[in-house]
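Dear colleague,

Please find the structure handed over below. A summary of the findings follows it.

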Amino acid sequence: MPGPTTKPHGKNLFASRMAKTPKSFIREILKMTEKPEVISFAGGLPNPSLFAVEELATAARDVMADAGRAALQYSTTEGYLPLREFIAERYRQRLGLSVGPDEILITNGSQQCLDLIGKVFLDPGDPVFIERPGYLGAIQAFSLYESAFRPVPLLDDGPDIDCLKAMLEETPARLFYGVPNAQNPSGITYSEEKRRAIAAALADTGTIFVEDDAYGELRFGESSVPALKSIDRESRVLYLGSFSQLLFPGMRIGYVLMPEETRKEFLSVLERTSGSTSSLVQHVINAFIEDRSLEVSLDLARNSMASRMRALCKSLDALLPRMPFEIPQGGIYLWLGTPGISGDLAAEAAKRVGVGVVPGRLFSYPEEDIQAVRLSVSRLSTVMIREAIGRVASAWNALT
Ligand code: PMP
């Protein structure tokens with residue numbers, strides 16, 4: 001009988017999946033944003049000056065006074081009912097989705113939804129389609145399940161449909177993960193035509209579209225494009241939402257709209273993973289949004305991101321006219337092509353003049369050097385944006 005000190009895996013200390021997981025660039029990006037001397041377009045953190053601290057403090061005090069004991073108790077696995085009712089009602093009104101509170105599962109940020117999706121749907125080696133460039137958080141979450149990523153190129157109005165169809169014919173995937181509104185990292189919003197084409201292409205393939213809508217409510221323009229979830233009546237869509245970019249990322253509240261046939265599995269994995277999401281945090285966020293503070297915070301976030309984005313586009317047009325970009329219709333990211341300069345070199349050169357940008361390479365897996373960089377406007381004033389683009393313009397122009 002082997003004794004308790006025997007190593008069952010020989011020399012390997014860690015599970016084999018750890019070797020297949022890309023190293024955490026998110027941590028590296030965050031490190032870069034922390035240096036005070038750098039004007040950083042790098043991180044994706046929301047602007048803390050927009051956090052409604054006082055209103056949240058009032059909501060927290062009200063919760064402790066009115067429902068402190070319930071708020072400090074375990075939550076049900078699916079989450080606090082009034083919050084789920086609020087979310088369901090909002091989607092009925094905003095996107096015309098016929099969704100009830102029982103279809104909503106509250107999670108610890110939408111990052112946990114991605115992990116749950118991995119647990120429920122992915123076996124090692126399963127193909128996962130993902131936009132190229134794609135969201136790092138999704139690449140990281142699904143890589144833990146040893147997915148075989150297949151990149152779907154992103155064009156100016158959404159994924160390349162011909163390529164998607166060819167890929168579906170070759171190897172239908174378990175999942176196709178995408179961010180149709182103000183995508184991270186490209187800032188692209190899919191056109192309605194593209195959304196309908198994706199729904200049609202996925203019909204009868206068994207591939208589920210994971211629609212991550214972290215930025216849907218951060219649209220600048222008036223017009224809205226229907227969610228894939230509302231186009232695909234047969235519910236091959238898992239829709240994810242999050243309060244992180246709208247309100248407070250530190251509260252860690254996200255959710256997934258689960259089609260009925262997946263409910264049992266989602267509840268079962270959440271129960272086994274974290275038991276439930278923080279009851280206290282759900283009560284406080286619910287008290288905050290019941291007070292209409294959500295609308296006030298959203299207006300503020302939208303307006304301030306729109307004016308930052310306008311400043312960025314104007315500076316780019318003026319100082320870097322050779323570098324192509326699509327004007328984002330929402331969110332915080334802009335994807336800047338750097339023709340003739342590798343994204344890595346462009347990021348290095350920017351760093352030397354005290355500006356942080358993220359090279360395109362980080363948003364593909366397997367990695368490849370892309371001639372593009374990601375810029376995030378969320379934490380920079382319009383004055384800093386102009387100053388930073390002035391600096392990188394001289395640095396990049398010297399490279400060509
Ligand atoms: N999805 C995308 C595409 C994002 O960019 C972000 C913010 N980084 C999120 C989701 C939010 O994640 P979470 O709810 O885990 O904070």
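**Ligand shell**

Helix α5 (residues 109-121) supplies the largest share of the shell around the ligand, with 3 residues; helices (H or I, at least four residues) and strands (E, at least two) are DSSP runs numbered from the N terminus. This is a predicted model, in which local features need pLDDT of at least 70 and side-chain atom pairs count only at pLDDT 80 or more, while totals for chains, interfaces and linings use all residues. Residues are numbered from 1 along each chain as its sequence is written.

Around the ligand there are 15 residues, of which Gly109, Gln111, Ala214, Ser242 and Ser244 come nearest (a residue is near if its C-beta atom, placed from the backbone, lies within 6 Å of the molecule). The shell comprises 4 nonpolar, 10 polar and 1 charged residues. Here Ala, Val, Leu, Ile, Met, Phe, Trp, Tyr, Cys and Pro count as nonpolar, Asp, Glu, Lys and Arg as charged, and the others, Gly among them, as polar.

**Domains**

The domain assignment, which is automatic or taken from a database, gives domain 1 (19-50 + 295-397) and domain 2 (53-291). Their C-alpha centres lie 24 Å apart. In contact are 30 residues of domain 1 and 30 residues of domain 2 (C-beta atoms, placed from the backbone, within 7 Å). On the side of domain 1 that touches domain 2, α2 (25-34), α12 (293-319) and β10 each give two or more residues, and α12 gives the most, with 6 residues. That side divides into 17 nonpolar, 9 polar and 4 charged residues.

With kind regards

Conventions. Two residues are in contact if their C-beta atoms, placed from the backbone, lie within 7 Å.
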